[in-house]
Amino acid sequence: MTPGQMNAIVHEKQTATGEWSAAMFPHEPSTPAPAQKCLPDQDAADEQDVNSAENMDDTEDNEEFLEKLISITSKSLPKLEVEERYNITRELGSGSYGHVLQVQHRERGTSMALKLMSKEHTGRREFLWEYCVALCLSSHPTLLRTIGSAFESSTHYGFAQELAPAGDLCSILNSGEGLPEVQVKRCAAQLADALDFMHGKALVHRDIKLDNVLLFDQECQQLKLGDFGLTRLEGTCISAMSAVLPYSPPELCLLERTESLALDSSLDIWAFGVLLFCICTGCIPWDMAMSPDPKFEEFSIWQNRTIPGEAPGLWKVFTAPALRMFCRIMALDPNRRSPAIEVNKYLHLPWRMGTSEKIQDDLLKTISSEACLKGPSEDNTELGRNLKENCLQQMQPEVIAPEKTHTIQMGPNPGSNPSPHEGSRLNGPGLEP
């Protein structure tokens, strides 16, 4: 879709209803970038050079598309107060960014989540970026759907998203207890699909955590990744963090104040691995992925061994196949991390030690009956490509009708990057390392 076509569609919808239609990225990237850099071999060097150039072109195309959409949105952003369009039901979350409210559309009677960002703490450009990125990702079934209805009030910027009663992953995780393995694998498969899609668009989420995985049901049959407030294009330079979080990869934790790091999808893959550990065990693996944290030092020594040895600490609960999976998606060298869809290779294998043969057989039957968990039989990369092609066939400009949305609850602190003492429930009771 060209910028001209997008412009016409947007203005047609704006004129007809006063709300925006969904906007999609103009085309599919030529190759999934993360898969190309995993475990490189010398024979593929020339091919990787070509792919890198193509991925750079894709990044530039998506950046141009987003900038165009931001410009159009900024010029036509309606001004209204929340009460003019919505009835407020309750508050779902709050933070320095503003509030997330459960609201009901006055005309349609549809319930949805309304994210309000305080103008005192959020710039217009920051708000427009998050909204437009979220709108562009709304076609994918495992990414939170954003309703094309953005506005500004006298004190806030706002836009609407899906709403649901099941909360987030934090809400179903008990102290020191992992989720049942079938639920863990449902989460793994759906999140891997979401990340593969985002990374194929040269976008890095940057805030993968329990709070941002939103549930449609308590059994994790359907879930979605949300909160794109920190999402940026690959290659964007970021500075050292003001606070180190358990999900942060070692290369980011080690940044000095004066240094910067070019964003890469491998940052998301590491955080994805930490999240999988959390839902498997009910614990975080460490406070920070750097010395002098003893939990991380044990993991680092184990990862660096040339001869396989006993897994450290809490990692002993995992089977050999699961440990291989974690080694690949949580490689200390970011250039050697596998893409997110690597986990699909391990869905038919047991992840926890001590699973009886009967339980494992029942688990395999359950997994094989769920389409979302059908991993690749031979070629993992081809699976990711096919999934992406299936989604892209549906990526035509469309009107997102609020009355047809499903329900999903926003996390308590979307659009933010809190310190461990501010907003992140990973440091709450029961999730200590």
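Figure 1. Strand 3 (residues 111-118) and strand 5 (residues 156-161) pair in the antiparallel sense, over six bridges. Two strands are said to pair if DSSP finds at least two bridges between them. Helices (H or I, at least four residues) and strands (E, at least two) are DSSP runs numbered from the N terminus. Residues are numbered from 1 along each chain as its sequence is written. Because the model is predicted, local features need pLDDT of at least 70 and side-chain atom pairs count only at pLDDT 80 or more, whereas totals for chains, interfaces and linings use all residues; side-chain values use heavy atoms, with hydrogens and water left out.

Figure 2. The open sheet has the strand order 1-2-3-5-4, with antiparallel pairing. Its edge strands, strand 1 (86-95) and strand 4 (146-152), each pair on one side only. Neighbouring strands of this sheet are turned by 25° against each other on average, direction ignored. Helix 5 (residues 124-136) lies across strand 3, strand 4 and strand 5, and runs at about 165° to strand 4. Axes are lines fitted to C-alpha atoms, for helices over the stretch in contact (heavy atoms within 4.5 Å), and angles run from 0 to 180 degrees between N-to-C directions.

**Figure 3. The nonpolar cores.** A nonpolar core is a set of buried Ala, Val, Leu, Ile, Met, Phe, Trp, Tyr and Cys residues joined through side-chain atoms within 4.5 Å. Buried means under 20% relative accessible area, exposed over 50%, and partly exposed in between (1.4 Å probe, protein chains only). The largest core has 90 residues, and those with the most contacts inside it are Leu169 and Trp315. Helix 8 (residues 266-281) gives the largest share of this core, twelve residues. Leaving aside neighbours within four places in sequence, the residues in contact with Leu169 include Leu179, Cys187, Leu275 and Ile279. A second, separate core of eleven residues includes Met112, Leu116, Phe151 and Ala160.

**Figure 4. The buried residues of helix 10.** In helix 10 (residues 320-329), the buried residues are Pro321, Ala322, Leu323, Met325, Phe326 and Ile329. What covers them includes helix 8 and helix 9 (294-304).

**Figure 5. Ser266 in helix 8.** Ser266 has its place in helix 8. This residue, Ser266, is buried because its relative accessible area is 3%. The side chain of Ser266 makes a polar contact with the side chain of Asp264 (2.8 Å). A polar contact is a pair of N or O atoms within 3.5 Å; within protein, one must be able to donate a hydrogen and the other to accept it, and residues adjacent in sequence count only if both atoms are side-chain atoms.
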